[in-house]
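Here is a walk through one model, with the cut-offs spelled out as they come up. Have a look at the sequence and the structure first.

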Amino acid sequence: MLNGPDQQAWSPSSRELERRNARRQISRKQFTIAGISSVLVLGALYTLIITSPGWQVVKETFFDLDYGREVLPTVLRGLVVNIQLSFIGGFFIAVIALALALIRTTKSPALTPFRFLATAYVDIFRGAPLLLIILLVGFGVPALRVAGLTSNVIVLGTVAVVLTYSAYVAEVIRSGIMSIHPSQRAAARSLGLTSGQTMRFVVLPQAIKRVIPPLLNDFVSLLKDTGLVSILGVTDAVRAAQINASRTFNYTPYVVSAILFLLITIPLTRYIDRVIRRSSAKQNSEGAI
Amino acid sequence: MSNVLELVNVRKSFDNELVLNDLSLTVKEHTATVLIGASGSGKSTLLRCINLLETIDDGQIFLDGQEISDPLISVDEVRRKLGMVFQSFNLFPHKTVLENITLSPIKVHGIAPDQAREQAMVLLKRFDLADKADQYPDRLSGGQQQRVAIIRSLAVNPRVLLLDEITSALDPVLVNEVLSIVRDLKHDGMTMVLATHEMGFATQVADEVCFLESGLILERGSPVQVLKNPQNAKTKDFLKRVHEAGRL
């Protein structure tokens, strides 16, 4: 465990060994309690579902294994669209949101009209339901019949999602920027950094780190909300499931689609949680608290 | 006088760095123990271990004869008996001075809010801060903030007060107003363990001075013994450097 130059001669005292033993016992006890409580709660839940009168029907229409396997490739192809949409949209969202957040936090008088526009943008797109924006963009833009403007539903759907999410994300980033204590700015400015450099090298890195958990939250909900573009006729995972379900009146494709979404979002959340914990442990000495 | 605090062969390392090397220390009731030594000698870690902010690797720590390094002990219970003041004040910026002071008495010790406020005002008046009661910490000078931080830890009547370089972030003028509080507390008979670089102050308040170096107490004794007539070569060297820096 310890192998510095001073450590090799040291071996723990009997009291320390006793203490380690006690700590092990405590964690064993906690583990047992956690295990018993989990078995009880999950067992009760399982029994409740299995013994419910409609379970047999639900099992056949929602959890039909063979049908699930049959529709898996179609739904999976649809999911690829969701993922592409999320990443391409995510890139534009990040860029636009950062710009919006920066514009809204500057105090430069020359940027006043932009600040006003950015505020209006955020207010509008954060305030209106995403589904409405998708419908308005998806059906409204082609109706303009402007030459060169696309009528590709995937592109239009993405644009609608980007419009809404960049407003959300901008506010998250802005709240991160505002949470950095003014003394940091003061320290940076007094080192001779310009206000832009202060933002770029001192404030933003700290702010972004602080808002990674809510940003991840937004990314997960972006991934799910890309399912809404199916309303424009895009064949994503939700749409693919819907087509199959309405063909056979068996709802297993929905379950398949839900499981596929979870297979992406859960590991993603866990992974980022771990990254955050590790990076904050490196920076803070919180000790035993 | 009974032993309030007793550390026996306390060992603590961070990664590969040994910070406390089988260190032992006894603190008697109503005494002030002053820890001196260069930065990184283990003074702060020692205080953080006593307050259970760090888990020790070996050895034992006793508070009023009870082993607080026992993993079965309630950490919150122990911390209720200890007061700690930090170098960087650590006041809660979203609470007023009065709210900072009464938070723990009300929420942890179950004292009625009116009574807690009354007690806090007595302390604030005593240390000339009554007019700041409703101000927020950021509006106060460093010296005032640190005095509020001391009052905050006093408000729960701790058995021992741990002071971790409480004047290091202050200018010489403000240092004095903070140290005068500590002198008053010493006069009241508060048991204290302090880490400090103020040697003159150490001479005034200390009953025992401990010189720390590489996680060991190399020399200990009365302030006159350790500060005026040191025996250990490393103590001499350290005091010489402090003297050259103009702080003795």
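## Ground rules

Two residues are in contact if their C-beta atoms, placed from the backbone, lie within 7 Å. This is a predicted model, where local features need pLDDT of at least 70 and side-chain atom pairs count only at pLDDT 80 or more, while totals for chains, interfaces and linings use all residues. Residues are numbered from 1 along each chain as its sequence is written, and chains are lettered from A and ligands numbered from 1 in the order in which they are written.

Which residues is L35(B) in contact with, leaving aside neighbours within four places in sequence? They are K43(B), L46(B), V193(B), L194(B), A195(B), C210(B) and L212(B).

L35(B) also turns up in the largest nonpolar core, which has 70 residues. Such a core is a set of buried Ala, Val, Leu, Ile, Met, Phe, Trp, Tyr and Cys residues joined through C-beta atoms within 7 Å; buried means 20 or more other C-beta atoms within 10 Å of a residue's own, exposed means 12 or fewer, and partly exposed is in between. Along with L35(B), the residues with the most contacts inside this core are V160(B), L162(B), V193(B), A202(B) and V209(B). Strand 2 (residues 17-28) of chain B gives the most to this core, with 6 residues. Helices (H or I, at least four residues) and strands (E, at least two) are DSSP runs, numbered from the N terminus.

Domain 1 and domain 2 of chain B both give residues to this core, so it lies between them. There is also a second, separate core of 35 residues, and it includes L85(A), I93(A), I133(A) and I173(A).

Is strand 7 of chain B enclosed or open? 5 of its 5 residues (160-164) are buried, so strand 7 is largely enclosed by the rest of the structure. V160(B), L162(B) and D164(B) cover one side, with L161(B) and L163(B) on the other.

Strands count as paired if DSSP finds at least two bridges between them. Strand 6 (residues 82-85) of chain B runs parallel to strand 7, joined by 4 bridges, and M84(B) has L162(B) as its bridge partner. Strand 8 (residues 191-195) of chain B is also parallel to strand 7, with 5 bridges; here L163(B) is partnered by L194(B). To get from strand 7 to strand 8, the chain passes through helix 6 (residues 172-188) of chain B in a right-handed β-α-β crossover (with the strands pointing away from the viewer, the path from the first strand over the helix to the second runs clockwise).

## Two domains

Chain B is split into domain 1 (1-81 + 161-248) and domain 2 (92-157), with bounds from an automatic or database domain assignment. Their C-alpha centres lie 25 Å apart. The contact takes 9 residues from domain 1 and 10 residues from domain 2. On the domain 1 side, helix 6 of chain B gives the most, with 4 residues.

## The antiparallel sheet

Chain B also has an open sheet of 4 strands in the order 2-1-4-5, with antiparallel pairing. Strand 2 and strand 5 (66-67) stand at the edges with a single partner strand each, so one side of each is left without a neighbour in the sheet. Strand 1 (residues 3-14) and strand 2 of chain B are joined by 8 bridges, and L5(B) stands opposite V27(B).

## An exposed loop residue

D134(B) sits in the loop between helix 4 (113-126) and helix 5 (142-154) of chain B. With 9 C-beta neighbours inside 10 Å, D134(B) counts as exposed. Not counting residues up to four places away in sequence, D134(B) touches T96(B) and L98(B).
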